[in-house]
Amino acid sequence: MIDLSTLAGLHKHHHELHAYCARCDRWVCLDLARLIREGKGGLRVPFRVSCQACGSNGRVQVRPPQPAHRAPSWTEPPG
């Protein structure tokens with residue numbers, strides 16, 4: 001079983017956790033590794049976050065790992 005309900009589980013399975021502030025209309029990617037080092041790895045999602053810029057309550061969103069891909073090479077158009 002894969003546990004994605006804690007910060008440690010999200011980090012272990014390469015997910016990201018983003019926070020959104022409606023007042024500032026901005027997203028921030030939370031640093032899961034730092035939060036785990038600070039002893040918060042067992043914190044269960046969802047949890048309360050507040051914006052560092054304005055102090056409003058925000059909301060968190062779990063984002064799955066994105067596949068690594070390479071952009072195709074660009075070539076000059078013919079002729």
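These questions and answers go through a predicted model of one protein.

Residues are numbered from 1 along each chain as its sequence is written. Local features need pLDDT of at least 70 and side-chain atom pairs 80 or more, while totals for chains, interfaces and linings use all residues, and side-chain values use heavy atoms, without hydrogens or water.

Biologist: In what order do the elements of the protein run from the N terminus on?

Modeller: Helices (H or I, at least four residues) and strands (E, at least two) are DSSP runs, numbered from the N terminus. The protein has 2 helices and 4 strands. Their order is α-β-β-α-β-β.

Biologist: How many residues of strand 1 are buried?

Modeller: Buried means under 20% relative accessible area, exposed over 50%, and partly exposed in between (1.4 Å probe, protein chains only). Across the 79 residues of the protein, 24% are buried. Strand 1 is mostly covered, and its buried residues number 5 of 6.

Biologist: Which residue in strand 4 does histidine 18 stand opposite?

Modeller: Two strands pair if DSSP finds at least two bridges between them. Strand 1 is joined to strand 2 (residues 26–29) by 4 bridges, antiparallel, and there histidine 18 stands opposite cysteine 29. Strand 1 also runs antiparallel to strand 4 (residues 57–63), with 5 bridges. In strand 4, the residue opposite histidine 18 is glutamine 61.

Biologist: Which residue in the turn between strand 1 and strand 2 has a positive phi?

Modeller: The two strands form a hairpin with 4 residues between them. The phi in question is about 55°, and it belongs to aspartate 25.

Biologist: What kind of aromatic pair do tyrosine 20 and tryptophan 27 form?

Modeller: Rings of Phe, Tyr and Trp (its six-membered ring) pair if their centres lie within 6.5 Å; planes under 30 degrees apart count as stacked, over 60 as edge-to-face and the rest as tilted. A search of the whole structure finds 1 aromatic pair. Its centres are 4.8 Å apart with 40° between the planes, so the pair is tilted.
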